[in-house]
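I opened my notebook to look at the aromatic rings in this structure. Come along and follow the entries with me.

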Amino acid sequence: MAAITARQIIFYLFLLGSLALVSCRANAAYPVVRKSRGRGFGGPVPRETIFNVLQYGAKPGGKEESTEAFMNAWVAACHWRGKARLLIPEGDFLIGQVTFQGPCNCPTPIIVEVAGNLKAVTDISEYSSPEWVTFEYINGLIVTGGGTFDGQGDSVWQYNDCRRNPNCQLLPTSIKFNSITNGNLRGIKSVNAKSFHIAINRCDQFKAFGLRITAPEDSPNTDGIHISSSNFVKVSKTKISTGDDCISIGQGSTNISINKVTCGPGHGISIGSLGKYQDEKDVVGIIVKNSTLLNTDNGLRIKTWPGSPPSEAKGILFKEIIMKNVKNPIIIDQLYCPSGSACRSQPSKVKISNIHYRNIRGSSYSPLGVNLMCSPEYPCQNVSLFDINLQYSGPQKKVSDVSSSCSNAKVGFGGIQIPPPCQ
């Protein structure tokens, strides 16, 4: 074989460098196909295709906005004909209002892997509606990755006047799931939402677990998870510390399960508020179990507006709940009126029935441990309390035991009753 000359060596090196450059450019222009370990008749079988937002122009660092890059990456993934994963890698990304909309062409589920830290644009004028990141009209969705949604709410909380102004401008919810079937949200963190952290609306067969939700206890309207008009939703193994309800379950919610949730600080776990608007759907089949409430302003609460249109809340079970220094541990409030007494002239028409409390134990920071304030027009029916053990832990030295109060309610009791049953 003839010896290779120096000129040939230089030529081959130049050729290899050119091929490497072409390869790098190609990777920037096309999604990455992740191969499986198995082989098909024609070679390796693609497992899924990765759509990395960096390939579509996203700028890590959190200074330059990457909204358009996120949208373009989603459109490419959603329209892909094979298995698809939208990847948001580690790093800080500043994005404005974005909607990940289906239906998608790829086989279900489409996966959104959030490994990075998403930071919301703080200028409220850039939001055309009160949502930051929305997923909607998707059948088969997994959002995972251990990343963070940072609503940067501390920049706008001062403008929240909804408790004083019924016509206030709603601030954006951090993550909204709208009309999702077979959805799965897991291992995600949400911090400092401008308003609600997570909203689940018109969803069916939706699971959320392993979440961490945090905001200061004085941050306004920062509900952790709000569920409405949804069926078969499960929330589990989640820790919520926020400035409003840890979990709120609104109208039209059916077959909802809350399990192994730690709540506090916050306003507790609430059914409602219900009855504020016309034509609200019933709330049916709610289970809250194996959960802990710490230093919350309310515990297990059902709240309805006075003068409400007719609807129902029924088939609700609270069981195996631990409370520590909780105000209003067990409360049904059918006089709910945050703006004051002006709205309390008419009784609530929300019918409450088949409400069961089982093995609720711990400490009450308020002297009144059980407070059932039901509607005089539609008294609460078939309310039962079994094995209730709440010791007083508040600041009033003259109070040694908690008490109970019931109005317009048919209540049954069994097992341990601390406080004593209301007469």
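My notes below go through aromatic pairs, and then a cluster.

Entry one. I kept in mind that this is a predicted model. I looked up the aromatic pairs, and the count came to 9.

Entry two. How are the rings of F51 and W80 arranged? I found their centres 5.4 Å apart and their planes at 75°, so I noted the pair as edge-to-face; the cut-off for that label is over 60 degrees.

I then checked where the two residues sit. F51 belongs to strand β2 (residues 43-52), while W80 is in the loop between α2 (67-79) and β3 (84-88), so this pair ties together parts that are 29 residues apart in sequence.

W80 has a relative accessible area of 32%, and I wrote it down as partly exposed.

Next I turned to F135 and F177. Their ring centres are 5.3 Å apart and their planes are at 10°, so this pair is stacked; that label needs planes under 30 degrees apart. I placed F135 in strand β8 (residues 131-144) and F177 in strand β10 (residues 173-186). The two are 42 residues apart, and their pair links distant parts of the chain.

Entry six. F135 is buried at 1% relative accessibility, and F177 is buried at 0%.

Which residues form one aromatic cluster with F135 and F177? I listed W74, F100 and F206 alongside them.

Methods. Residues numbered from 1 in each chain as written. Predicted model: local features only at pLDDT ≥ 70, side-chain atom pairs only at ≥ 80, totals over all residues. Heavy atoms only, no water. Phe/Tyr/Trp six-rings, centres within 6.5 Å; stacked < 30°, edge-to-face > 60°. Helix = DSSP H or I, 4+ residues; strand = E, 2+ residues; numbered from the N terminus. Buried < 20%, exposed > 50% of the residue type's maximum accessible area, 1.4 Å probe, protein only.
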